[in-house]
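Please read this briefing with the sequence and the model side by side.

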Amino acid sequence: MMSPELILLVPLPYIVMAVFVGGHIYRYAVDQYAWTAKSSELLEERWLGVGSQLFHWGILIVLFGHIVGLLVPPSVTETMGISSETYHKIAIALGGSAGLIAYIGVWILLLRRLLVPRIRMTSDASDLLVLVLLLITMTLGLYNTLIYDVFVHPFPYRTTIGAWLRSILALQPNPSYMADVPITFQLHIFFAYLLFLVWPFTRLVHVWSYPVFYLKRAWIIYRRGRLPGAIGHD
Ligand code: HEM
């Protein structure tokens, strides 16, 4: 019988990837018109503007840090003359500050959904689930980067978690890389799994819809004025 740890580290990542890809294909096939961010900008603009900008700019830098930190072996950056120590210091400074910016953003987006009545009434369970899963994943991620790495010891995630993830993607899963990974890093990955599992069935699908076609779309012209017969129009 496979141990729970082994299930988390070998079959589960493939199941998560299958649901992620399969879920997007299914969603695109049957639900194209709901493939949106379902923006609530018309209901409340100011806090959405602040929260969304902070979150999106921060998480893009965090994503870049994850791709380089987890998918590029240390030997490559060392060949470029960047030692592991230097790399880790840059990752903590850049990933940590970008992560904090995204974290403030996601808190604003969650509190906006809970505290602004018009937004609360137009939110469904998946909207809150996405924000709560993001918050938990990011809390654990920031704890790992800004507390564990700084006050406990700089954990060598590129030769452990990174090596494991690369073995998964190379279809030669090697769970032994994860043997000594602290629980807060493992929990971070576990909650990221949950986020990837619900992703295709939530508004997160908007990530793949880059509105490049907007560039060639005809302009929408807004005119200030009042419609004839509108209330209060004398
Ligand atoms: C939606 C999914 C994810 C989100 C939102 C997320 C977010 C974050 C954030 C905000 C941080 C702290 C800032 C930073 O160091 O960049 C972080 C750190 C980290 N994340 Fe993630 N993460 C996600 C998925 C993953 C996955 C799937 C893995 C590994 C398989 C991973 C591994 C790590 C590691 C190792 C750190 C600590 C880096 C260090 O010690 O400097 N993350 N994550």
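**A charge over a ring**

Arg158 sits over the face of Tyr87, 3.8 Å from the ring centre. A charge counts as over a ring if NZ of Lys or CZ of Arg is within 6 Å of the ring centre and within 35 degrees of the ring normal. The model is predicted: local features need pLDDT of at least 70, side-chain atom pairs count only at pLDDT 80 or more, and totals for chains, interfaces and linings use all residues. Residues are numbered from 1 along each chain as its sequence is written, and side-chain values use heavy atoms, with hydrogens and water left out.

**The chain as a whole**

- The secondary structure comes to nine helices and zero strands. Helices (H or I, at least four residues) and strands (E, at least two) are DSSP runs, numbered from the N terminus.
- Of the 234 residues of the chain, 34% count as buried. Buried means under 20% relative accessible area, exposed means over 50%, and partly exposed is in between (1.4 Å probe, protein chains only).
- Take the contacts between residues at least 6 apart in sequence: 77% of them join residues at least 24 apart. Contact means heavy atoms within 4.5 Å.

**Around the ligand**

- Which residues are the closest to the ligand? They are His66, Gly95, Thr145, Asp149 and His188, out of 20 residues that surround the ligand. A residue is near a molecule or strand if one of its heavy atoms lies within 4 Å of it.
- A polar side-chain atom of His66 lies 2.8 Å from a nitrogen atom of the ligand, and one of His188 lies 2.7 Å from a nitrogen atom of the ligand. For Thr145, a polar side-chain atom lies 2.7 Å from an oxygen atom of the ligand. A polar contact is a pair of N or O atoms within 3.5 Å; within protein, one must be able to donate a hydrogen and the other to accept it, and residues adjacent in sequence count only if both atoms are side-chain atoms.
- Helix 3 (46-71), helix 7 (125-152), helix 8 (161-169) and helix 9 (183-198) are the elements that give two or more residues to this shell. Helix 7 gives the most, with seven residues.
- By class, the shell has 13 nonpolar, six polar and one charged residues. Ala, Val, Leu, Ile, Met, Phe, Trp, Tyr, Cys and Pro count as nonpolar, Asp, Glu, Lys and Arg as charged, and the others, Gly among them, as polar.

**Aromatic pairs**

- Rings of Phe, Tyr and Trp (its six-membered ring) pair if their centres lie within 6.5 Å; planes under 30 degrees apart count as stacked, over 60 as edge-to-face and the rest as tilted. By this rule the count comes to nine aromatic pairs.
- The ring centres of Tyr103 and Trp107 are 6.4 Å apart and their planes are at 85 degrees, so this pair is edge-to-face. Tyr103 and Trp107 are four residues apart in helix 5 (residues 84-115), so about one helical turn separates them.
- Tyr103 is buried, at 18% relative accessible area, whereas Trp107 is partly exposed, at 37%.
- Tyr148 and Phe185 also form an edge-to-face pair, 5.5 Å centre to centre with 90 degrees between the planes. This pair links distant parts of the chain, with Tyr148 in helix 7 and Phe185 in helix 9, 37 residues apart. Both Tyr148 and Phe185 are buried.
- Phe20, Phe196, Trp199 and Trp208 form one aromatic cluster.

- Thr77 is found in helix 4 (residues 74-79) and is buried, at 5% relative accessibility. Its side chain reaches the backbone oxygen of Pro74 at 2.9 Å.
- Not counting residues up to four places away in sequence, Thr77 touches Ile82, Tyr87 and Arg158.
- Phe55 lies in helix 3 and is buried, with a relative accessible area of 11%. The C-alpha atoms of Phe55 and Ala102 are separated by 3.8 Å, although the two are 47 residues apart along the chain.

- The buried residues of helix 8 are Ile161, Gly162, Ala163, Trp164, Ser167 and Ile168. They pack against helix 1 (4-9), helix 2 (11-30), helix 3 and helix 9.
- Leu171 is found in the loop between helix 8 and helix 9, and Leu171 is exposed, with a relative accessible area of 64%.
- Phi of Leu171 is positive, near 60 degrees, in a residue other than glycine. Most residues other than glycine have a negative phi.
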